[in-house]
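Colleague: I am new to this structure and would like to learn how to read it. Could you take me through it one feature at a time?

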Amino acid sequence: MPKFYARRRLGFLAAFTGLIASAGLLNGPAASAALPTPVSAATARTYLASLTVATEDRTGYDRDLFPHWITQSGSCNTRETILKRDGTGVVTNSSCAATSGSWYSPYDGATWPAASDVDIDHVVPLAEAWDSGADSWTTSRRQSFANDLTRPQLLAVTDNVNQSKGDQDPATWMPSRTAYRCTYVRAWVQVKYYYDLSVDSAEKSALQGYLANC
């Protein structure tokens with residue numbers, strides 16, 4: 001094949017590949033969250049069966065009882081650490097604040113170019129933890145829970161989606177993106193099991209139903 005036509009063909013292929021990628025057909029979302037991989041569905045089912053079933057009581061809950069967004073490394077706090085972990089092409093300033101990047105929210109499938117459009121979700125909400133046994137913890141343990149980078153507990157998601165979730169458990173709220181629901185319930189159960197938190201009957205029933213389809 002003459003070099004002129006070979007170059008034209010390569011140029012066409014490169015342009016076509018770029019078009020496909022920009023449409024999200026080749027490479028998927030521009031960024032993807034890096035939640036620590038939860039336990040398997042089989043393990044989650046075993047964990048769930050061992051959790052105490054109890055009625056929830058939110059008496060005395062205050063978000064300030066869970067010190068969060070503590071310093072993790074250098075000038076980076078927990079929120080900034082998760083933003084860097086879950087984003088693509090994240091650029092930060094001298095204070096560790098994200099000045100640019102891209103964040104894909106697995107709850108709803110949206111991608112955001114500004115950190116201000118992203119919240120860091122506690123998979124098991126702080127109020128839910130309080131209801132489930134954290135009311136008897138020390139402040140130090142509540143701080144560890146609220147800033148846990150090891151368990152699948154913190155995730156960058158669309159801000160208004162996180163706000164609509166609030167403190168609901170899987171009996172009343174699930175990610176709208178159904179492809180993520182198995183990951184979500186596996187993470188939920190793992191966190192509850194690790195921290196020895198209880199579940200209420202409706203929550204347990206919902207979790208059993210979702211895990212059965214994982």
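This is a predicted model: local features need pLDDT of at least 70, side-chain atom pairs count only at pLDDT 80 or more; totals for chains, interfaces and linings use all residues.

Colleague: How many helices and strands does the protein chain have?

Modeller: Helices (H or I, at least four residues) and strands (E, at least two) are DSSP runs, numbered from the N terminus, and by that reading the protein chain has eight helices and seven strands. Of its 214 residues, 41% count as buried, where buried means under 20% relative accessible area, exposed means over 50%, and partly exposed lies in between, with a 1.4 Å probe and protein chains only. Contact means heavy atoms within 4.5 Å, and among contacts between residues at least 6 apart in sequence, 72% join residues at least 24 apart.

Colleague: How should I read the packing of two helices, and at what angle do helix 7 and helix 8 pack?

Modeller: Two packed helices are described by the angle between their axes and the distance between the axes. Axes are lines fitted to C-alpha atoms, for helices over the stretch in contact, and angles run from 0 to 180 degrees between N-to-C directions. Helix 7 (residues 181-194) and helix 8 (residues 201-212) pack at about 135 degrees, with axes 9 Å apart. Angles under 35 degrees count as roughly parallel, over 145 as roughly antiparallel, 65 to 115 as roughly perpendicular and the rest as oblique, and helix 7 and helix 8 are therefore oblique to each other.

Colleague: Which residues of helix 7 and helix 8 meet?

Modeller: From helix 7, R181, V185, R186, W188, V189 and K192 meet E203, L207, Y210 and L211 of helix 8. By class, this contact of helix 7 with helix 8 has six nonpolar, no polar and four charged residues; Ala, Val, Leu, Ile, Met, Phe, Trp, Tyr, Cys and Pro count as nonpolar, Asp, Glu, Lys and Arg as charged, and the others, Gly among them, as polar.

Colleague: Is helix 7 mostly covered or mostly open?

Modeller: Helix 7 is mostly covered, with 10 of its 14 residues buried, including Y184, W188 and Q190. Its buried residues pack against helix 2 (41-50), helix 4 (126-131), helix 5 (139-146), helix 6 (159-165) and helix 8. From first C-alpha to last, helix 7 reaches 20 Å, close to the 20 Å expected at 1.5 Å a residue, the expected span being 1.5 Å times one less than the number of residues.

Colleague: How do helix 2 and helix 8 lie relative to each other?

Modeller: The axes of helix 2 and helix 8 come within 10 Å and cross at roughly 160 degrees, and the two helices are therefore roughly antiparallel to each other. Here A41, A44, R45, L48 and A49 in helix 2 meet K204, L207, Q208, L211 and A212 in helix 8. The residues of this contact of helix 2 with helix 8 divide into seven nonpolar, one polar and two charged.

Colleague: Where is K204, and is K204 buried or exposed?

Modeller: K204 sits in helix 8 and is buried, with a relative accessible area of 18%. Leaving aside neighbours within four places in sequence, K204 is in contact with L48, A49, V53 and V199. K204 and V189 are 15 residues apart in sequence and 9.5 Å apart in space, C-alpha to C-alpha.

Colleague: What should I look for in phi, and what is the phi of C96?

Modeller: Most residues other than glycine have a negative phi, and most peptide bonds are trans. The phi of C96 is positive, near 80 degrees, and C96 lies in the loop between strand 3 (87-92) and strand 4 (98-105), where it counts as buried at 3% relative accessibility. D196 also has a positive phi, near 55 degrees; D196 lies in the loop between helix 7 and helix 8 and counts as exposed at 63% relative accessibility.

Colleague: Which residues is D167 in contact with?

Modeller: D167, in the loop between helix 6 and helix 7, is in contact with R58, P125, A127 and E128, leaving aside neighbours within four places in sequence. At 33% relative accessibility, D167 counts as partly exposed.

Notes. Residues are numbered from 1 along each chain as its sequence is written. Side-chain values use heavy atoms; hydrogens and water are left out.
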